[in-house]
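Hi everyone, thanks for coming.

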Amino acid sequence: MWTVATYTVLTRTICEQQYLANHSSFDPKILVGVPIDDILQNVAVDVLPVAIPIWDNGNVEDIKRVILKHYWMREIGLETVGLWKYYLGTHLQEIMPWYVDLHNRLEDMANIFITENSKMTDSLDYGHNIQKSGTDTTTISQDDTTNGSNTLNENGSDTGTVSNTGTDDISGQNLVSDTPQNGLSDVIQGKYLSNAGVNSETRSMDNTETRNLKASRNSTNDILSHLQRTGSTSLQHGMTDTHGGTDVHTIIKEGFSGDKVGVMTQYVQAHINIMQMIIKDCAKYWIGILG
């Protein structure tokens, strides 16, 4: 609680004095018969001359009038009216942003009074994963065989005549000595011969030879050629094809399914509660235990 002086003042007195000041009068008789709401309508802005946040379509003067009327018959909790205005106005500036946010959140729920207010979202994830694999094989088989023979026949003959023709002349002497004096040298020289004779012979020679030569050659070559080749080639391949995505289906149904009267009551009560919370949040600036 704030420190209180010996004498304090009612909220009513502050507002009535402000009303007289606004009408340039010091005669309290002009207040006779004037409703409280009319007085507050005239003086709320002057009693609490501070700018405070307010929600959309809200009225700052209404907030001030409600607070002053609630504490109309309460004494302020500070020594002077000036201090009371300062601390109360500052406090409202500090707390009102929170109440504005609370009020706006409540307003966002206003469509609950429409029948069947709901929202449903379906999310479907799908994926296709296709894998293909295999082996391509190529087989080579080759068998080349060559089988045959080469035959060579050679036949021939040589025919001809060989002739040898010539003359042999043979001549000689026969010398005989019965009494050789100097040995054979006298006989060779024809001395002291007992008998002498001359031999002369001529011989002719004619040889003819006929040849007939025949040569033959036969050969056979067998050829066998065999070429065999085998093999294979393999190619492995694989493929993966992946498709994926997300399908989102959103169905929005406006409205509320339930007791509409009950919901309306709760909605209104929520707004009332916000105002009551603001009023009670300012109670510490007045004396007393009343809320």
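Leaving aside residues up to four places away in sequence, Ile67 touches Leu92, Ile278, Ile279, Cys282 and Trp286. By contact I mean heavy atoms within 4.5 Å.

Before going further, a word on where this comes from. The model is predicted, so local features need pLDDT of at least 70 and side-chain atom pairs count only at pLDDT 80 or more, while totals for chains, interfaces and linings use all residues. Residues are numbered from 1 along each chain as its sequence is written, and side-chain values use heavy atoms, with hydrogens and water left out.

Now, the core. Which residues have the most contacts inside the largest nonpolar core? They are Ile67, Trp84 and Trp286, in a core of 36 residues. Helix 1 (11–22), helix 2 (36–47), helix 3 (60–70), helix 4 (81–107) and helix 6 (260–281) are the elements that give two or more residues to this core. Helix 4 gives the most, with 8 residues. Buried means under 20% relative accessible area, exposed means over 50%, and partly exposed is in between (1.4 Å probe, protein chains only). Helices (H or I, at least four residues) are DSSP runs, numbered from the N terminus.

Next, aromatic rings. The count comes to 4 aromatic pairs. Rings of Phe, Tyr and Trp (its six-membered ring) pair if their centres lie within 6.5 Å; planes under 30 degrees apart count as stacked, over 60 as edge-to-face and the rest as tilted. Trp84 and Trp286 make an edge-to-face pair, 5.5 Å centre to centre with 80° between the planes. This pair links distant parts of the chain, with Trp84 in helix 4 and Trp286 in the segment after helix 6, 202 residues apart. Trp84 is buried, at 0% relative accessible area, and Trp286 also counts as buried at 0%. Tyr86 and Tyr87 form an edge-to-face pair too, at 5.0 Å centre to centre and 75° between the planes. Here Tyr86 counts as exposed at 52%, and Tyr87 is partly exposed at 31%. Ring pairs also link Tyr71, Trp84 and Trp286 into a cluster.

Finally, charges. How many salt bridges does a search of the whole structure find? There are 5, a salt bridge being a side-chain nitrogen of Lys or Arg within 4 Å of a carboxyl oxygen of Asp or Glu. In one of them, the side chains of Lys69 and Asp37 meet at 2.9 Å, N to O. That pair links distant parts of the chain: Lys69 is in helix 3 and Asp37 in helix 2, 32 residues apart. Lys69 is partly exposed at 42%, and so is Asp37 at 43%.

Within helix 3, Arg65 and Glu61 lie 4 residues apart, about one turn of the helix, and their side chains meet in a salt bridge of 3.5 Å, N to O. Arg65 counts as buried at 14%, whereas Glu61 is partly exposed at 32%. A network of salt bridges links Glu61, Asp62 and Arg65.

Definitions and conventions: A nonpolar core is a set of buried Ala, Val, Leu, Ile, Met, Phe, Trp, Tyr and Cys residues joined through side-chain atoms within 4.5 Å.
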